[in-house]
Amino acid sequence: MITLHHLNQSRSLRILWLLEELGQPYEVVSYQRHAKTHLAPDSLKNIHPLGKSPVIELDGQVIAESGAITQVLIERFGADRLRPAIDTKDYASYLQWMDFSESSLMVPLLLELFTRSAGVTDNDFLNNYIAKEKHNLLSYLDNELKGKTYIVGDQLTGADFMLSFDLIMLNQRGLLDNYPNIKSYAQNLAKFDSHRRALALEAKYANSN
């Protein structure tokens, strides 16, 4: 049995969607962010020292980091349909996009979130860096998605699950209108029944505590 330690409004949504798509039995232990600080509860540290989510338990092992969890679950339960074959050119692209979502793209998104939350509006260097870097990355992604349904090849892969959380963040801030290919891509991913179920579950868990 897979156990997902799920924190609302977190990268854990990626894993919730993946589990719904895989169709493997799993259970969820739900956690809520603090209403004022927006931080994860200390109880998550009982599962993993960093106290962050997502974390899964699988075969007695605790596994953290959404990218690692995505790869482990796909290799174990969905390698035949959720990743390119290792001996193809698409495999290298798959790994690149898996990392892109948490390294290149996530950096300016988090910087923007933190600076706005902290009320930092007068740091021209930081604000200009965020705006320029975000535009460069989104323009690159938009160009790569031209004429595509999925980011790699012609199939849903772990790279799509990883990118999905970033796109939800962008869409919530109304930042996809100038990137039509990304917007179309996000809309296509949202059509998956498993994606809809994951969002419904996210809402359910958020209202259950």
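Start with H1: Ser12, Leu13, Arg14, Ile15, Leu16, Trp17, Leu18, Leu19, Glu20, Glu21 and Leu22 are buried. Buried means under 20% relative accessible area, exposed over 50%, partly exposed in between, with a 1.4 Å probe and protein chains only. That is eleven of the eleven residues in H1, residues 12-22.

Ground rules. This is a predicted model: local features need pLDDT of at least 70, side-chain atom pairs count only at pLDDT 80 or more, and totals for chains, interfaces and linings use all residues. Numbering runs from 1 along each chain as its sequence is written, and side-chain values use heavy atoms, without hydrogens and water. Helices (H or I, at least four residues) and strands (E, at least two) are DSSP runs, numbered from the N terminus.

Just past H1, Gly23 has a positive phi of about 75°.

Now the strands. E1 (residues 2-7) and E2 (residues 26-31) run parallel, joined by six bridges; pairing takes at least two DSSP bridges. Ile2 has Tyr26 in E2 as its bridge partner.

On to the rings. There are seven aromatic pairs in the structure. Rings of Phe, Tyr and Trp (its six-membered ring) pair with centres within 6.5 Å; planes under 30 degrees apart are stacked, over 60 edge-to-face, the rest tilted. Tyr150 and Phe192 make a tilted pair, 6.4 Å centre to centre and 55° between the planes. They sit 42 residues apart in the chain. Tyr150 counts as buried because its relative accessibility is 17%. Phe192, at 21%, counts as partly exposed.
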